[in-house]
Amino acid sequence: MHTHSGSRNQWASKLGFVLATAGAAVGLGNLWKFPYLMGNNGGLPFLIAYLVFVVILGVPVMITEMSIGRMTEQSPVNAYRKLNKKASFIGVLGILAAFVILSYYSVVGGWLLKYIASYATTLAAPADFEAYIAQPVEPVAWHFVFMLLTGLICYLGTKGIEKASTFMMPALFLILLVIIVRSVTLPDAEKGLAFIFANTESPFTLSSVSAALGQVFYSLSLCMGITLTYGSYLKKGENIPKSCATVAAMDTAAAVLAGIAIFPAVFSFGLEPAQGETLIFGTLPKVFSSMQAGTLFALLFFVLMFFAALTSAIALLETVVSFAIDNLHWSRRRAVVVVGFLVFLLGVPSAMSSGLLGDVTIAGYSVFAFMGVLTDNILMPIGGIAMCIFVGWIWGPEHIVAHIEENSGSFRLKKAWLFCIRILTPILILIVSAASAVTLYSALSS
């Protein structure tokens, strides 16, 4: 990025912007969360619901957020305040979502660091992942290390994000493709492919639809301030609808490829496809152990996965830090230290949710799982509905259309975008959020 209009940054190139934005989106949401959600929610039906939500919800919301960011050149709260003082709460919801997500995201980042350290020192994965995350101290320690690294990079600035993404994104796709080649050649691998693309047995319920909706928000980094913040660094001449479609396509491709890489191995080794967040940590090491030079390849994969997670974590932290700098008038140093430490503290219960806090549940969920429910099914959907109502019916969608056409040429799908933002997207979010509320209420009542 380079500086323009005073102190505001811009992406140095279109490719750098797309890869950096995709880097913020393509991370644990694709390589870790999507495969186990797919396993828990029926395979192909979940994939179809996810793809539909990406098209009719993800891309329209991304276009809207990115446009607001570029129009205002402000961080989320100030951006909405600039458009309408009463709308600043939408930005607050995004900042809060980013803060909570990073707290448990960092815990998983710590797991990745543990795996990297284990492969580097013992040439093997930890012997028992469940036993590791049940330990009282080590998961918290790695969570702290991950947040420390994220904070250090955020403190040094975001200039390296663009260059790192330009290298890491192609490398990550390449590694995924190589793992796919190995995974689909394992015995009974066709059962895993059938589970994804021709599954008729696993349950697909309304809660699965809700999970698909939440995953679209989580995976595309919607309504958590990232898209708006990154959009505020975007040059005026870039085509926002095309860029958003490209980012969404890359993000979805990574999610599907991760599923293809993992599920054939799951069935080949006779593992449970719905084993939860441990899927990637319990399954992939077995795949690596069956490969030539498997240890080296495993180390490389987890390093790349760590960088994918780190890029997303930096974007999440930067979003909250930018709020502290702009609205609380803190120095960058103070903002990074205070926000980073608060995120770490919030993440400690998640890091201990399989150990000392293993018996503690919130609405029937572990602390770790509840944080995901809070962001995926409550904070981000509410922010999404509020944004759609504000842009579609109060502030006026014509401002977005005019901005896009002024800077990017004809907005060919403006009627479809308008229908989604004004009607379809908020209705879908409202319906599925109501289903989530019923599920949570039932859990609390039981």
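This is a predicted model: local features need pLDDT of at least 70, side-chain atom pairs count only at pLDDT 80 or more; totals for chains, interfaces and linings use all residues.
Figure 1. Isoleucine 394 lies in helix α16, and it belongs to a nonpolar patch on the surface together with Ile389, Trp393, Phe419, Ile423, Ile427 and Ile431. Together, the residues of this patch have about 700 Å² of accessible area. Helices α16 and α18 (414-445) each supply at least two of the patch residues. Which helix gives the largest share of the patch? That is α18, with four residues.

**Figure 2. Valine 373, elsewhere in helix α16.** Stay with helix α16 (residues 367-395) and you will find valine 373. Is valine 373 buried or exposed? Valine 373 is buried, with a relative accessible area of 10%. Setting aside neighbours within four places in sequence, look for its contacts with Tyr365, Ile378 and Leu440. For a sense of distance, valine 373 and lysine 286 sit 87 residues apart in sequence and 30 Å apart in space, C-alpha to C-alpha.

**Figure 3. The salt bridge between lysine 114 and glutamate 138.** A search of the whole structure finds three salt bridges, and this view shows the one in which the side chains of lysine 114 and glutamate 138 meet at 2.8 Å, N to O. The pair links distant parts of the chain, with lysine 114 in helix α5 (residues 88-122) and glutamate 138 in helix α7 (residues 138-156), 24 residues apart. Lysine 114 counts as buried at 17% relative accessibility, whereas glutamate 138 is partly exposed at 23%.

**Figure 4. Arginine 332 meets glutamate 318.** Here the side chains of arginine 332 and glutamate 318 form a salt bridge of 2.9 Å, N to O. Arginine 332 lies in helix α15 (residues 332-351) and glutamate 318 in helix α14, so the pair ties together parts that are 14 residues apart in sequence. Glutamate 318 is buried, with a relative accessible area of 4%, while arginine 332 is partly exposed, with 27%.

**Figure 5. Lysine 414 and glutamate 405.** In this salt bridge, the closest N and O atoms of lysine 414 and glutamate 405 are 3.3 Å apart. Lysine 414 counts as partly exposed at 33% relative accessibility, and glutamate 405 is partly exposed with 29%.

**Figure 6. Leucine 300 in helix α14.** Leucine 300 has its place in helix α14 (residues 294-327) and is partly exposed, with a relative accessible area of 39%. Along the chain, leucine 300 and isoleucine 175 are 125 residues apart, yet their C-alpha atoms are separated by 8.4 Å.

Figure 7. Helix α10 (residues 206-219) has 14 residues and reaches 20 Å from its first C-alpha to its last, close to the 20 Å expected at 1.5 Å a residue. How many of its residues are buried? The count is 12 of 14, and α10 is mostly covered; the buried residues include Val209, Leu213, Val216, Phe217 and Tyr218. Just after α10, serine 221 takes a positive phi of about 60°.

**Figure 8. Stepping back to the whole chain.** The chain has 18 helices and four strands. Its radius of gyration is 21 Å, close to the 22 Å that the globule rule gives for 446 residues, so the chain is as compact as a globular protein of that length. Buried residues make up 60% of the 446. Among contacts between residues at least 6 apart in sequence, 80% join residues at least 24 apart.

How values were computed:
Residues are numbered from 1 along each chain as its sequence is written. Side-chain values use heavy atoms; hydrogens and water are left out. Buried means under 20% relative accessible area, exposed over 50%, partly exposed in between (1.4 Å probe, protein chains only). Contact means heavy atoms within 4.5 Å. Patches are made of residues with over 30% relative accessible area and no salt bridge: like charges are joined within 9 Å, nonpolar side chains (Val, Leu, Ile, Met, Phe, Trp, Tyr) within 5 Å. Accessible areas come from the Shrake-Rupley method with a 1.4 Å probe; for residues, only the protein chains shown count as cover. A salt bridge is a side-chain nitrogen of Lys or Arg within 4 Å of a carboxyl oxygen of Asp or Glu. The radius of gyration is taken over C-alpha atoms; the globule rule is 2.2 Å times the number of residues to the power 0.38. The expected span of a helix is 1.5 Å times one less than its number of residues.
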